Amino acid sequence: MQAGSPSGISQALAQFIAACRWEDIPDPIRHEARRSLVNYFAVALAGAQDPTLDIAVATYGRFAAGQQAGLVGRPERFDMLNAAALNAMAANVYDFDDTHHPTIIHPTAPVAPPLFALAQAQPMSGAELLLAFVLGVEAECRLGNAVSPGHYARGWHITSTCGVFGAAMAAGKFLKLTPEALVWALGSAASQAGGLVETLGTMAKSVGVGNAARNGLLAALLAQQGFDGPAAPLEGPRGFLRVAADQPDLAAVTHELGGHWQLADNTYKPYPCGVVLNPVIDACLVLAADKRLAGAGLADIEHVTLTGHPLLRQRTDRPGVATGRESQVSAQHAAAVVLARGRAGLAEFSDAAVCEPVLRELGAKVVVREDDSYSVDGVQVRIALRGGAELVHRVDAARGSAARPLSDGELEQKLRDLGRAGRPGWDPGPLIDALWHLDDARDAARVMALAA
């Protein structure tokens, strides 16, 4: 199919999803799906106790239609749609979730929660869940490829706008929708695609991510009942791809479909912040350990210059942030807190950290410069000290990037650390074991019982 081809994309994607079997998924992609879910439960357990979730749970609870599905890390039970939304919010609230490198989509947050909600309402095996999950990620990330980079650059929150399609296709696959019904689900998903980059750093971001999970599941359930839609919801003259991007690469949706799997491009964060800040943190961790900086002291820093990919400046040049949420997308705060503390955990991106005078003073000295020659995984940090001395460190591939991926053991430890942070004394071992062996499980819902 040639770029710009006006027809057949929605049907081709739907037919592929309907026909794909677990046996068609290569072993490395099966393993990556399990890795994605280990990471998902890690970040959702951490986010479950955030005030964003407290408010959302209380508000959504006023309109809950049942108690079929539980929440990660919380005792409440909800109907499937609201449970999907709330579990998606929890996974993304700290910006600690996975990242599809080509598009900066966080693929698991919108796709896994609808499947676990369905699994608690009707029988679902682990292999069925994993197959549907792989295909949902495939759909959302291929659509992301087609509209990138212009879509995100224009201000669309791509995790939300493309995630609704992933949720719809994942749920539709499990529900055994026909290709025609899957196209209908794409249409209902397209009419609900939304989310703005302007909301990053605020609770409002979570609404878009939650809606992606909820509305995608709703789209599939509607299609199951015969709720129809347009024949070309993706590629039509006023379909999602042409509305969402000035020059969409339509061929990207089906190019090498079934050959190159999008989960192969998934990555996992070592730090709770925007992915473009990972190399900044890596570099600042090295500089914080430099004896020359320790000898001089933070007060001797005259200014700090960060030079990196244009997205670093466009998305994180945010001095003077006022909340922990805002600090997750602030290069000034990230550099200051890591240089001062020599670490980058949840506590470093909290309201308390943001309010520390020494960090605010140091953050005011941080300047962000853009350079097209850097990848999103690279940066140079230059510290100018009083008296003329300079400290410089460059990172070309950040920890957690495709070039330096987190190991299975590191993902397990991430789940242990974040799970225990929210639930002191809790043993995450059974959950970790169940996730690594999910494809053998008769009941996929068991992992939710272990995480609730």
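1. **Ground rules.** The model is predicted, so local features need pLDDT of at least 70 and side-chain atom pairs count only at pLDDT 80 or more, while totals for chains, interfaces and linings use all residues. Residues are numbered from 1 along each chain as its sequence is written, and side-chain values use heavy atoms, with hydrogens and water left out.

2. **The core.** A nonpolar core here is a set of buried Ala, Val, Leu, Ile, Met, Phe, Trp, Tyr and Cys residues joined through side-chain atoms within 4.5 Å. Buried means under 20% relative accessible area, exposed over 50%, and partly exposed in between, with a 1.4 Å probe and protein chains only. The largest such core has 158 residues, and the members touching the most others are Phe 41, Leu 306, Ile 383 and Leu 415. Helix H6 (residues 126–147) is the top contributor, giving 14 residues.

3. **Around Phe 41.** Contact means heavy atoms within 4.5 Å. Not counting residues up to four places away in sequence, Phe 41 touches Val 72, Phe 116, Leu 415, Leu 431, Leu 435, Val 447, Met 448 and Ala 451.

4. **Helix H6.** Helices are DSSP runs (H or I, at least four residues), strands are E runs of at least two, and both are numbered from the N terminus. H6 has 22 residues and spans 32 Å from first C-alpha to last, close to the expected 32 Å; that expectation is 1.5 Å times one less than the number of residues. Because 20 of its 22 residues are buried, H6 is largely enclosed by the rest of the structure.

5. **Salt bridges across the sequence.** There are 22 salt bridges, each a side-chain nitrogen of Lys or Arg within 4 Å of a carboxyl oxygen of Asp or Glu. Asp 439 pairs with Arg 34, the closest N and O atoms being 3.2 Å apart. Asp 439 sits in the loop between helices H20 (429–436) and H21 (446–451) and Arg 34 in helix H2 (residues 27–47), so the pair ties together parts 405 residues apart in sequence. Asp 439 is partly exposed at 22%, whereas Arg 34 is buried at 12%. Asp 282 and Arg 404 also form a salt bridge, at 3.7 Å from N to O. Asp 282 is buried at 9%, and Arg 404 is partly exposed at 39%.

6. Asp 290 and Arg 292 form a salt bridge with the closest N and O atoms 2.8 Å apart. Here Asp 290 is buried at 17% and Arg 292 is exposed at 53%. Elsewhere, Arg 341, Arg 343, Glu 348 and Glu 356 are linked in a salt-bridge network.

7. **Cysteines.** With a disulfide taken as two cysteine sulfur atoms within 2.5 Å, the structure holds 0. For Cys 20, the nearest cysteine sulfur is that of Cys 141, 15 Å away. The sulfur of Cys 162 has its closest cysteine sulfur in Cys 141 as well, but at 8.2 Å that is too far for a bond. Cys 20 is buried at 6%, and Cys 162 is buried at 0%.

8. **Thr 316.** Thr 316 belongs to helix H14 (residues 310–316) and counts as buried at 1% relative accessibility. Leaving aside neighbours within four places in sequence, its contacts include Val 276, Leu 277, Leu 311 and Val 329.
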